[in-house]
Amino acid sequence: MDVNLIFRIAAVGILVSVICQLLKHSGRDEQAFLTSLAGLVLVLFWMVPYIYDLFETMKRLFLL
């Protein structure tokens, strides 16, 4: 895993939390929820190749 990925995930987390707080204070709770959901989906798309590699490695390790 690359250290750059960890920094990108942290940056998305900080950005999403700030945007959600701003949206909640302005009374836009639905947009705040959608923003947090979009941040979660973005990070999950970044993690999918690493999860795939993990399962492939486990499959080879146990010869399934």
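Residues are numbered from 1 along each chain as its sequence is written, and side-chain values use heavy atoms, with hydrogens and water left out. Because the model is predicted, local features need pLDDT of at least 70 and side-chain atom pairs count only at pLDDT 80 or more, while totals for chains, interfaces and linings use all residues.

Helix α1 covers residues 3-25 and helix α2 covers residues 29-62; helices here are DSSP runs (H or I, at least four residues), numbered from the N terminus. The two pack at an angle of about 170°, and their axes lie 8 Å apart, where axes are lines fitted to C-alpha atoms over the stretch in contact and angles run from 0 to 180 degrees between N-to-C directions. That angle makes α1 roughly antiparallel to α2, a term used for angles over 145 degrees.

In the contact (heavy atoms within 4.5 Å), α1 contributes Leu5, Arg8, Ile9, Val12, Val16, Ile19, Cys20, Leu23 and Lys24, and the residues that they meet in α2 include Ala32, Thr35, Ser36, Gly39, Val43 and Met47. By class, the contact of α1 with α2 has 13 nonpolar, four polar and three charged residues, with Ala, Val, Leu, Ile, Met, Phe, Trp, Tyr, Cys and Pro counted as nonpolar, Asp, Glu, Lys and Arg as charged, and the others, Gly among them, as polar.

The buried residues of α1 are Leu5, Val12, Val16, Cys20 and Leu23, buried meaning under 20% relative accessible area, exposed over 50% and partly exposed in between, with a 1.4 Å probe and protein chains only. What covers these buried residues of α1 includes α2. The largest nonpolar core, of eight residues, consists of Leu5, Val12, Val16, Cys20, Leu23, Ala32, Val43 and Met47; such a core is a set of buried Ala, Val, Leu, Ile, Met, Phe, Trp, Tyr and Cys residues joined through side-chain atoms within 4.5 Å. α1 gives the most to this core, with five residues.

| Residue | Relative accessible area | C-alpha separation |
|---|---|---|
| Isoleucine 19 | 32% | 8.7 Å to serine 36 |
| Valine 18 | 45% | 9.9 Å to alanine 32 |

The 23 residues of α1 should span 33 Å at 1.5 Å a residue, and its end C-alpha atoms are 34 Å apart, which agrees; the expected span is 1.5 Å times one less than the number of residues. α1 is followed by glycine 27, whose phi is positive, near 85°.

Note on methods:
Parallel < 35°, antiparallel > 145°, perpendicular 65-115°, else oblique.
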